[in-house]
Amino acid sequence: MKCLIKYLNLYACNKIRIITADTESKNGTAPTENTSAGETGVKVNNNKNGIRLTATAITLHFNPGQCKIVSSHIIINRINIFSSLFFKVYLESIFVTGTAGAGKSLLTSKLIQWYKDNNFYPISLNLDPGVLSLPYEPDVDVRNYIDISKIMSEHDLGPNGALIMAADLIATKLDEIQEEVFGLNPDFVVVDTPGQIELFIFRASGPYFVSNFQSDNKINIFTFDGILASSSPINFISIALIAASVRLRLNISQIDVMTKRDLVIDKLQEIVRWSSRSYLEDSLQSEKNSEYSLLSKDLLHALSKNKLMQNPILVSSLTMSGMVNLTAALSRVLNLGEEKAD
Ligand SMILES: Nc1nc2c(ncn2[C@@H]2O[C@H](COP(=O)(O)OP(=O)(O)OP(=O)(O)O)[C@@H](O)[C@H]2O)c(=O)[nH]1
Ligand SMILES: [Mg+2]
C-alpha cells in the first residue's frame with residue numbers, strides 16, 4: 001500500500017504540474033523558474049469510488065526587483081486510484097438545457113459552487129459557442145474550439161447562419177472536449193448548453209454529443225423560465241411540451257426545474273397548486289380563449305398519460321432557495337452520495 005501511495009503521489013504531482021503549466025500558458029503568464037515557486041501536497045480520502053487522492057498545488061509568482069509576490073493560485077485535482085490503475089474514469093454528467101434566457105448559465109455556476117462547498121470536485125463545460133460573457137469561468141470551453149467570428153468571416157455568414165454552423169460543429173469537437181474533461185478528472189461535469197435550444201436539441205449535433213459523451217451517468221436538467229412559465233397555465237403547458245420534446249430527443253433521465261423563484265414569490269402558491277392535475281385543468285378551464293383552453297387540456301392529458309409531465313422543482317439561482325431540493329433530486333438519480341439537509 002505504501003508503494004502504491006508513493007507511486008500515486010508521483011502521478012498526482014506530475015498531473016498537477018501539467019495542469020499548472022497548461023493554465024499558466026493559457027493565461028499568457030508562464031513564469032520563468034526564478035520568478036515562481038510552488039508546492040504540491042497529496043491527501044488521501046475515501047469516497048464511494050474507493051480511495052481518492054487530492055493533490056493541491058500552490059504556485060507563487062514573484063517580481064524579483066521588488067521582492068514582491070505578484071500573483072498566486074491554488075489548483076486542486078482529485079485522482080481516483082481506480083482511474084489511475086485501471087484507466088476507468090468515474091464521471092457523471094449534468095446537462096443544463098432550457099429556453100433562451102431561462103437561467104441555464106447562472107444555474108450552472110451555482111451548481112458548481114454548491115458542489116464545491118460540499119467537497120465535491122465538479123467542473124463546468126460551456127457548450128455555447130455564441131456566448132459573450134458567462135457568470136462563471138468555464139473549466140472547459142467550446143469557444144476554444146469553435147470561433148463564431150471566424151465562421152462568419154470565412155463562410156460569409158450572418159450571426160444566425162454562423163450560430164447554426166457552430167451548433168453543428170459541436171459534435172465534431174466531441175473527442176477533444178472529452179479528452180480535456182478526462183484530463184481534469186472531475187467527480188462530475190455540469191454542461192451549460194446553447195441558448196438557442198432549437199439548434200442544440202432539434203438538430204443532430206446536440207443529441208449526438210449527449211449520447212456519445214462518455215460518462216457513467218447522465219442527467220438533463222430542463223429549465224422552465226419562472227417568469228414565462230408562471231404567467232399563465234397555458235404558458236406552463238407550452239413549456240412543459242418543450243420539456244417533453246427535449247426528454248424525447250436526448251433520451252436520458254431528466255429533472256424539470258422552474259428558475260427565478262425569487263421573482264415569482266407572489267405566484268408561488270398558485271404554481272405549487274398546478275402540480276395537482278385537476279387544479280391545473282380547472283385553471284385552464286377558466287382561460288378566456290376557450291379554443292386554447294381545450295387544446296391545452298388535451299395536451300396536458302397526453303403529457304400526463306405518457307408520463308411526460310413532471311412537477312418542476314422551484315429554484316432561485318440568486319437566493320439559492322430550492323437548491324437543496326434540486327441537488328437531492330440529482331443525488332437520487334446520480335447517486336452522488338449523502339444528501340444534505342436544508
Ligand atoms: N432574479 C433571478 N434572476 C435570474 C435567475 N436565474 C437567472 N437569472 C437572470 O436571468 C438572466 C438570464 O440568465 P442566464 O443564466 O444567462 O440564462 P441562460 O439560459 O443561460 O441564457 P442564454 O444562454 O442566453 O439562453 C440573467 O440576467 C440572470 O441574472 C434567478 O434564479 N433569479
Ligand atoms: Mg447561457
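**Exercise 1. Determine in which hand H10 passes H13, and describe how the two helices pack.**

Step 1. In this predicted model, H10 passes H13 in a left-handed crossing, where left-handed means that the near helix is turned anticlockwise from the far one by less than a right angle, and right-handed that it is turned clockwise. Helices (H or I, at least four residues) and strands (E, at least two) are DSSP runs numbered from the N terminus.

Step 2. Helix H10 (residues 233-250) and helix H13 (residues 290-305) pack at an angle of about 40°, with their axes 10 Å apart; axes are lines fitted to C-alpha atoms, for helices over the stretch in contact, and angles run from 0 to 180 degrees between N-to-C directions. H10 is therefore oblique to H13, since angles under 35 degrees count as roughly parallel, over 145 as roughly antiparallel, 65 to 115 as roughly perpendicular and the rest as oblique.

Step 3. On the H10 side, Pro233, Ile234, Ile237, Ala240, Leu241 and Ala244 meet Tyr292, Ser296, Leu299, Leu300 and Leu303 of H13, two residues being in contact if their C-beta atoms, placed from the backbone, lie within 7 Å. This contact of H10 with H13 has 10 nonpolar, one polar and no charged residues, where Ala, Val, Leu, Ile, Met, Phe, Trp, Tyr, Cys and Pro count as nonpolar, Asp, Glu, Lys and Arg as charged, and the others, Gly among them, as polar.

Residues are numbered from 1 along each chain as its sequence is written, while chains are lettered from A and ligands numbered from 1 in the order in which they are written. As the model is predicted, local features need pLDDT of at least 70 and side-chain atom pairs count only at pLDDT 80 or more, whereas totals for chains, interfaces and linings use all residues.

**Exercise 2. Work out how helix H12 lies against H13.**

Step 1. Helix H12 (residues 277-285) packs on H13 at an angle of about 160°, with the axes 9 Å apart, so H12 is roughly antiparallel to H13.

Step 2. The crossing of H12 over H13 is right-handed.

Step 3. Arg277, Leu280, Glu281, Leu284 and Gln285 of H12 meet Ser293, Ser296, Lys297, Leu300 and Ser304 of H13, and by class this contact has three nonpolar, four polar and three charged residues.

**Exercise 3. Give the strand order of the open sheet, and follow its pairings.**

Step 1. The seven strands stand in the order E6-E5-E7-E4-E8-E9-E10, with parallel pairing; two strands pair if DSSP finds at least two bridges between them. Its edges are strand E6 (140-141) and strand E10 (313-314), each of which pairs on one side only.

Step 2. Strand E4 (residues 92-98) pairs with strand E7 (residues 188-192) over five bridges, and Glu92 stands opposite Phe188 in E7.

Step 3. Strand E8 (residues 217-224) is joined to strand E9 (residues 253-258) by six bridges, with Ser253 in E9 as the bridge partner of Ile219. E9 and E10 pair over two bridges, and Val257 has Ile313 in E10 as its bridge partner.

**Exercise 4. Describe the residues that surround ligand 1.**

Step 1. Ligand 1 is surrounded by 17 residues, of which the closest are Gly103, Lys104, Ser105, Leu106 and Gly195; a residue is near a molecule or strand if its C-beta atom, placed from the backbone, lies within 6 Å of it.

Step 2. Helix H3 (residues 104-117) gives the largest share of this shell, three residues.

Step 3. By class, the shell around ligand 1 holds five nonpolar, eight polar and four charged residues.
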